[in-house]
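Thanks, everyone. Let me walk you through one structure, a piece at a time. Please bring it up on your screens.

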Amino acid sequence: MSAVAADAAKIATRGRGRIGDSTLARRLSREIAGEVLFDAFSRGRYSTDASIYQIEPIGVVVPRDEQDVRRCIQVAAEEGIPLLPRGGGTSQCGQTVGEALIVDVSKHLNRVLEIDAEARRARVQPGLVLDHLNAALKPHGLFFPVDVSTSSRATLGGMAGNNSCGARSIRYGTMRRNVRAIDAILMNGEQATFGEMPAKPGDRENGSEPAIELTERLLSLGQREADEIAARFPKLHRRVGGYNIDALTGNTPINLSHLLVGSEGTLAFSTAIELDLQPIPPHKVLGVCHFPSFYQAMDATRHIVALNPAAVELVDRTMIELARDIPLFRATLDRFVVGAPEALLLVEFAGEDHAAQLHDLARLDELMGSLGFPGAVVEAVEPSFQSAIWEVRKAGLNIMMSMKGDGKPVSFIEDCAVPLDDLADYTDRLTKVFHKHGTTGTWYAHASEGCLHVRPILNLKLEADAKKMRAIAEETFAMVREYKGSHSGEHGDGLVRSEFHEPMFGTRMVRSFEEVKDAFDPAGLLNPGKVVRSTRMDDRGLFRFKPDYKLRPLDTALDWSEWGSLGGAVEMCNNNGACRKFDTAVMCPSYRVTGDEQHLTRGRANSLRLALSGQLGPDALTSDDMLETLKLCVGCKGCKRECPTGVDMARMKTEVLYQRAKKRGVPLRERLVANLPRYGPWLSALAPLANMRDRVPGLAALSERLLGLSARRSLPLWRRDRFAPVKPETGNPDGREVVLLADTFNTYFEPENLRAAVTVLRTAGYRLHLAQPKSGGRPLCCGRTYLAAGMVDEARAEARRTLEAVLPFAARGVPVVGLEPSCLLTLRDEFKVMLPGAQSETLAGQAMLLEEFLAAEHEAGHLDLDLEQLEPARALLHGHCHQKAFATMPALETVLGLVPGLAVETIQSSCCGMAGAFGYNAETYDLSMKMSELALLPAVRAAEANTFVVANGTSCRHQIKDGAGRTAVHIARILEQALGERI
């Protein structure tokens, strides 16, 4: 190690021992406008990324602007503490974790600064997410072509730091090829622009003296080491290991930004990135090639690439099987997977001429036939079908990580790249290495470039498997060198691969890497330990599951046996950050309005894991900090469906609230809301008195002071004419049977919805049973209000009453139908974990929303509803979060489509923001409204006055009324109205 390097190592360790330093936190709070997060929970949330590592940071800063970044750099330099830039925190190799001051640019430094459509260039801030950039570029007919699978949350700064590649790199290249310039701040505080160098040396004198000195030093290194670089760097596109010092050589214009690309935040702090753009291909087609063996798929790749496709992506049998178990992907898999192939290759052709692409598909089919696989190509020409297939592929990592249990596909050799001619041989030999060590591997991704995401299945809680990881890594990298491949082909170096640079590139090259690091960052403070001077990749002290990691025993209220324990369910979060997306699906509403890691499914899961393993203290699970962590979880269950690893944060919140209630009790407001089903009969009888809160001046303000119920929010109106059927049965005594389970909310607040459902079912000729308590008394209840307060024992009691009443019908195969999504779907979900066993499973199999029942009857040819055309002939439809989470929206759209001439438009929205009591509480009212303003309320306001607004959730209807002044109706009311004269 050089003297400079030795000094740098000493300086870098000066920040050690300053984790959570309150003095440093106070200084930062004084000097920056952004957020300073030094508490244990925040540090814990930022101690992991999507890698196997967990390192507690000194603290976290969320800068508001570039000036904040500059001040953070100054403070870090003066205090002698490491500094780590961070975007989406989805790194696979540990690049974004470290004992450093983490600077998270994703919340505020996320703007498109400039688009020059004519020159096909854009200038962006480093925290901008790729999908957001492409949304801004789409009106210009342009896109940024480095299409990583994490595009919904990957930031451009992180992509530049990793030298990301994506599925279509065979056509468009890596980030290095598509970055034109980078504005960055050095650790000495100097701002510099790194871009294409002037051809004449004399023209380089325009920068500051330190920048000129740095440039000359780098160019001198490139000239000196040109021969060594040419000899040692792999001749592959997918070579992202080490620093790109080959950018300092050659006859073409030297672009210094290419040296920063792939540097993982170790050289400078990027503040703006200039990108090259490409025109959006107007046409695409996709061929899904099926293979009976994995080896044959790998061997065929080199022949398929010769057809000049835009992408060739691998999906293996393990990924197919796991994806079939995920509701979000099951239907898509059924469309494009035929039989039981061992491997698939997704082959895309794209360009201007659709006829030419169809011809390419025909050539692909012909090629497959010549290789011995006739009729083995499933063609996807329709754009929506192609998109659905690509969504499965893009979720590859999360699908693989959906394996339950401690053994997981581990990322450490996942993106080695070899020449295509060697790909089949390499994968075959690597499989034998796995078998030698008593394991198997999962495979998917970039077959076109010889860069497969391969992950051996290991349990890194075990020392033996950590040793296996080391042995597999050494054998694999040796094999890659034998093929003259690259040990780092896409995801970067980080803590996983940096230590292997010396055998890959040689000692002299590694010394050159260190020379580059020292030239940019003499003190070694920028993200130390990455690319150069790394720790061992198998240092278990840096693992997420450290040698002393152990989940504490917990007597849970709900059944978590599917994952082994509550901790096992929490550990399913792999930190890949799918919950950070901002598309039109549900997950994660609170993050969408706050942008905070704390209010993200991933952030909450990390806090829970740390608490359950004792890393946040003995009482962390029931602490106020944990309550704050979960406070904005609205229980939408978007994560239950949209998180590919199935992290159900709504259920986890219920468990935590139960554990807290055991120790601290339940607050008055929460008890009042929870017990609504029990006092409902009394207040409905006293409706005029019960409704005075919103009619008598001052009472709303008093309720806010005493109970925390927002004075700005109206309360539901109690009805004296509550739904209370006299007879337990109605309709056609000879008709097909169905049970109607009346929920608490429609019973007491909107009984006309239940009466409409009775009318519709009776008119359709059904023998309708109205669910009644077996032993009489107050109406049945699913227990939903109790679950929301953590009062699981009370919810379980309600569930038993309901189960006793309707199980005899369900056991005979009679559907049990309900109107309120959050209530009815509790029978399909929480009943099974409150009362696990065959009876709950039986009921869950028969529990259906009204629209699901009617859609199923219609498909089976049993539905007899002669509906009339309505005026108006337009309906705007909003789906309840649980309808989306349980995939019932298609049924709702189908049944509305039965009304003749009714044009239905579904609002592409997330949560309405009410979420039970969430929208009523004073402290969350503003966030409730922000959630609704993201899509729902603007769409309702924009609808013509004579448009039906349909929303099956009682809370959704309330939000629409309060926020947009429009009355939304349940589908039962629409169908009742469409019956016309038949009623």
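How many of the 16 residues of α28 are buried? The answer is 13, so this helix is largely enclosed by the rest of the structure. Keep in mind as we go that this is a predicted model.

Let's stay with α28. The helix has 16 residues. From first C-alpha to last, α28 reaches 22 Å, close to the 22 Å expected at 1.5 Å a residue. Just after α28 comes Gly-665, with a positive phi of about 80 degrees.

Gln-659 sits in α28, which covers residues 649-664. Is Gln-659 buried or exposed? Its relative accessibility is 5%, and buried means under 20%, so Gln-659 counts as buried. What does its side chain do? The side chain of Gln-659 makes a polar contact with the side chain of Glu-655, at 2.8 Å.

Setting aside neighbours within four places in sequence, Gln-659 is in contact with Leu-554, Asp-555, Thr-556, Ala-557, Leu-621 and Thr-622. Take Leu-554. In sequence, Leu-554 and Gln-659 are 105 residues apart. In space, C-alpha to C-alpha, they are 9.2 Å apart.

Next, a buried lysine. Lys-517 is in helix α22. Its relative accessibility is 3%, so Lys-517 counts as buried. What does its side chain reach? The side chain of Lys-517 reaches the backbone oxygen of Thr-266 at 2.7 Å. Not counting residues up to four places away in sequence, Lys-517 touches several others, including Tyr-243, Leu-267, Pro-522, Val-532 and Arg-533.

On to the sheet. In what order do its seven strands run? The order is β15-β12-β14-β13-β17-β18-β16. The sheet is open, and the pairing is antiparallel. The edge strands are β15, at 377-380, and β16, at 408-409. Each of these pairs on one side only.

β16 pairs with β18, residues 451-458, in the antiparallel sense over two bridges. Pro-409 has Ile-457 as its bridge partner in β18.

Helices pack here too. Helix α12, residues 294-305, packs on the sheet. α12 touches β12, β13, β14, β17 and β18. Its direction makes about 15 degrees with that of β14. Then there is helix α16, residues 383-394. α16 lies across β12, β13, β14, β15, β17 and β18. It runs at about 55 degrees to β12.

Now the cores. The largest nonpolar core has 76 residues. Which of them touch the most other members? They are Leu-608, Met-649, Met-652, Val-816, Leu-827, Met-834 and Leu-843. Helix α36, residues 792-811, gives the largest share of this core, with nine residues. Zoom in on Leu-843. Leaving aside neighbours within four places in sequence, Leu-843 is in contact with Leu-803, Val-806, Ala-810, Val-816, Leu-827 and Phe-831.

Last topic: backbone geometry. Most residues other than glycine have a negative phi, and most peptide bonds are trans. Some places here depart from that.

Start with phi. Asn-163 has a positive phi, near 55 degrees. This residue is in the loop between α6 and α7. Asn-163 is buried, with a relative accessible area of 2%. Asn-527 also has a positive phi, near 40 degrees. Asn-527 lies in the loop between α22 and α23. At 2% relative accessibility, Asn-527 counts as buried.

Then the peptide bonds. A cis bond joins Met-587 and Cys-588, with omega about -5 degrees. Cys-588 lies in the loop between α23 and α24. A cis bond also joins Glu-871 and Pro-872, with omega about 5 degrees. Where is Pro-872? In the loop between α40 and β24.

That's the tour. Start your own look at α28, where 13 of the 16 residues are buried.

Key
Residues numbered from 1 in each chain as written. Predicted model: local features only at pLDDT ≥ 70, side-chain atom pairs only at ≥ 80, totals over all residues. Heavy atoms only, no water. Helix = DSSP H or I, 4+ residues; strand = E, 2+ residues; numbered from the N terminus. Buried < 20%, exposed > 50% of the residue type's maximum accessible area, 1.4 Å probe, protein only. Contact = heavy atoms within 4.5 Å. Polar contact = N/O pair within 3.5 Å; in protein donor to acceptor, adjacent residues only side chain to side chain. Pairing = 2+ DSSP bridges. Axes fitted to C-alpha atoms, helices over the stretch in contact; angles between N-to-C directions. Core = buried A, V, L, I, M, F, W, Y, C linked by side-chain atoms within 4.5 Å. Expected span 1.5 Å × (residues − 1).
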